[in-house]
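Reader: Could you walk me through this one, going from strands to helices to the packing inside?

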Amino acid sequence: MADIQGFYDDLFLAVPRALAELLDGGDAGGSVAVFVDGEPVVDVWGGFADAGRTKPWERDTIVNVWSVTKTMTALTALVLADRGELDPDAPVARYWPEFAAAGKDGVLVRHLLSHTAGLPDWDGPVEELYDWTSATARLAARAPRWEPGSAAGYHSLTQGFLVGEVLRRITGRSVGEFFADEVAGPLGADFHIGLTAEHDRRVALAVPPPGHDEDYTAGAAGSGAGGGSAPGTSTPAGTAIRLRDGNSVAWRRAQIPAASGFGNARSVALVQSVMACGGTVNGVRLLSGKGSDRAWEEQFSGEDRILGMPVRYGLGYGLFGTTYGWGGWGGSLVMIEPESRTVVAYVTQQMREPGADNRGLEIFMAAYDGLLGLRG
């Protein structure tokens, strides 16, 4: 059995075992964390940080978690809403006047957070993703693909720029700066939106699925966050993002708040414990209880036009029964259960084909067994 490092409460023995099984099954590396009441009961990692399997996965290894980044961007928006600086029911153009172009004057902030704004596709060059001003100007000039609010379509890359520009107009800071100053910093969380060069040595670059190379791309259709294989960063009508793009230095340095966050399971679980614990973790209050509950406010329920599957969206998070959260291309996942004040996070650099990837669900179910033990 694969060697698993870290610690875990004996009630959660199934979690490190599940991670070991994934590594024994061919995965390069990964980490898992389970936090209850803002404290870790599982913090484990194992495998290798490189495709050649020569560099062990360390305690501080970090990866691109792809669309798990959306949960971080959503949290920053909810923080501003809780402070009264952002109104989810306000027109986006109140904060970003140029956005009203091309019939978008009726798009509300909550439409951005719930994938119902009608701007799901990134149709510009990949290189433009690294230029915030160009990327947001492109989106401001576009017409929506449907009546905003009337339908949902997963905004795989665009959501981060849309929400992020509203935050920038309000605060004068980028999402990455605001997140570092107001969220990660106070919590002591090792999560970054816009990674500086000093952290490059710790990054485990994404490894393509067997039989693929770094030109691998994945469409969103047929994948689902609840199963741990959330949507990829390309859609049929948009610009395809290759694995090599996500492994590039330009991608790490850029702020792509829907898809370019870097962290490990520990940092993901710590940050999202804010949501699980009513807005306060380890004495650090980022939200009121009412403010954190806003994530539960259902904005859409039905078939997602891009994913081609039934979804429920809250304010920035996917809703799944008694839990909410989201996953990223390649398998990383975070799930939050406020009733038990629990967060389960799994991150990996090992990609699998989305339609056959249930790793996140397997990890979550293993953690749930431990929760039943705690309640018993």
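Author: Helices (H or I, at least four residues) and strands (E, at least two) are DSSP runs, numbered from the N terminus. This is a predicted model, where local features need pLDDT of at least 70, side-chain atom pairs count only at pLDDT 80 or more, and totals for chains, interfaces and linings use all residues. Residues are numbered from 1 along each chain as its sequence is written, and side-chain values use heavy atoms, with hydrogens and water left out.

Reader: In which sense do strand 12 and strand 13 pair?

Author: Strand 12 covers residues 323–327, and strand 13 covers residues 333–337. One of the facing positions puts Y324 opposite I336 in strand 13. The two strands share four bridges, and the sense is antiparallel.

Reader: Which residue takes a positive phi in the hairpin of strand 13 and strand 14?

Author: Strand 14 (residues 342–348) runs antiparallel to strand 13, with five bridges joining them, and V344 is the bridge partner of M335. This hairpin has four residues between its strands. The positive phi, near 55°, belongs to R341.

Reader: And which residue does that in the hairpin of strand 12 and strand 13?

Author: Here there are five residues between the strands. The positive phi is near 100°, and the residue that takes it is G330.

Reader: Is strand 13 mostly covered or mostly open?

Author: Buried means under 20% relative accessible area, exposed over 50%, and partly exposed in between (1.4 Å probe, protein chains only). From strand 13, L333, M335 and E337 point one way, V334 and I336 point the other way, and all are buried. With five of its five residues buried, strand 13 is mostly covered.

Reader: What is the strand order in the open sheet of three strands?

Author: Strand 4 (63–64) and strand 5 are the edges, each pairing on one side only. Strand 4 and strand 6 run antiparallel and are joined by two bridges, with V63 standing opposite G263 in strand 6. The order is 4-6-5.

Reader: How far apart are the end C-alpha atoms of helix 6?

Author: The expected span of a helix is 1.5 Å times one less than its number of residues. Helix 6 (residues 158–171) has 14 residues, so it should span 20 Å. The model agrees, with the end C-alpha atoms 20 Å apart.

Reader: How many residues of helix 6 are buried?

Author: The buried ones include F161, L162 and E165. What covers them includes helix 2 (69–82), helix 5 (132–141) and helix 7. Of the 14 residues in helix 6, the number buried is 10.

Reader: Why does the pair of F179 and F191 tie together separate parts of the sequence?

Author: Rings of Phe, Tyr and Trp (its six-membered ring) pair if their centres lie within 6.5 Å; planes under 30 degrees apart count as stacked, over 60 as edge-to-face and the rest as tilted. F179 and F191 are edge-to-face, at 5.8 Å centre to centre and 70° between the planes, and both are buried. F179 lies in helix 7 (residues 175–187) and F191 in the loop between helix 7 and strand 5 (192–193), so the parts tied together are 12 residues apart in sequence.

Reader: Is S260 buried or exposed?

Author: S260 is found in the loop between helix 9 (249–253) and strand 6 (261–263). Contact means heavy atoms within 4.5 Å, and leaving aside neighbours within four places in sequence, the contacts of S260 include N64, W66, H192 and W251. Its relative accessibility is 0%, so S260 counts as buried.

Key:
Pairing = 2+ DSSP bridges.
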